[in-house]
Amino acid sequence: MAGAQAGVWPSGMARDQGGGLTAYRLEAEAEAEAEADTVVDTFAPVDPATTSTVAAQQADAERAGLGRPTG
């Protein structure tokens, strides 16, 4: 699942209003040509070798200034 990849994190609005079905690719934000390039489908299939742990995703989000999700 794309939502399990390193550097992917759902925004609070995406979690609250979209049910967490989309998330943002954090490291691609500066490189993306369009905003759509930074949004991923949480449940899209990906190579399992590209997935990460929740702890690593939380650390990426904290480094990006997003913090941990609440609730």
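User: Is Ala2 buried or exposed?

Analyst: Ala2 counts as buried, because its relative accessibility is 3%; buried means under 20% relative accessible area, exposed over 50%, and partly exposed in between, with a 1.4 Å probe and protein chains only. Keep in mind that this is a predicted model, where local features need pLDDT of at least 70, side-chain atom pairs count only at pLDDT 80 or more, and totals for chains, interfaces and linings use all residues. Residues are numbered from 1 along each chain as its sequence is written, and side-chain values use heavy atoms, with hydrogens and water left out.

User: Where does Ala2 sit in the chain?

Analyst: Ala2 is in the segment before strand 1. Strands (E, at least two residues) and helices (H or I, at least four) are DSSP runs, numbered from the N terminus.

User: And which residues is Ala2 in contact with, leaving aside neighbours within four places in sequence?

Analyst: Val8, Val40, Asp41, Thr42, Ala44 and Val46. Contact here means heavy atoms within 4.5 Å.

User: How many bridges join strand 1 to strand 2?

Analyst: Two, between residues 8-9 and residues 22-25. Val8 has Arg25 as its bridge partner, and Trp9 stands opposite Tyr24.

User: What about strand 2 and strand 3?

Analyst: Three bridges there, and strand 3 covers residues 39-41. Tyr24 turns up again, standing opposite Val39.

User: Switching topic: what's the volume of the largest pocket?

Analyst: About 190 Å³. On a 1 Å grid over the protein atoms alone, a pocket is an open set of points where a 1.4 Å probe fits, with protein on both sides within 12 Å along at least five of seven lines. Grid points are joined across faces, edges and corners, and the volume is the space filled by probe spheres set on the points.

User: Which residues line the pocket?

Analyst: Twelve residues do, and Gly3, Val8, Trp9, Pro10 and Gln57 lie nearest its centre. A lining residue has an atom within 4 Å of a point. Helix 2 gives the most, with three residues; strand 1 and helix 2 (54-63) each supply at least two.

User: How does the lining divide by residue type?

Analyst: Six nonpolar, five polar and one charged. Ala, Val, Leu, Ile, Met, Phe, Trp, Tyr, Cys and Pro count as nonpolar, Asp, Glu, Lys and Arg as charged, and the others, Gly among them, as polar.

User: Last one: where is Ser11, and how accessible is Ser11?

Analyst: Ser11 is in the loop between strand 1 and helix 1 (12-18). At 25% relative accessibility, Ser11 counts as partly exposed. Its C-alpha is 8.1 Å from that of Leu66, 55 residues away in sequence.

Definitions and conventions: Pairing = 2+ DSSP bridges.
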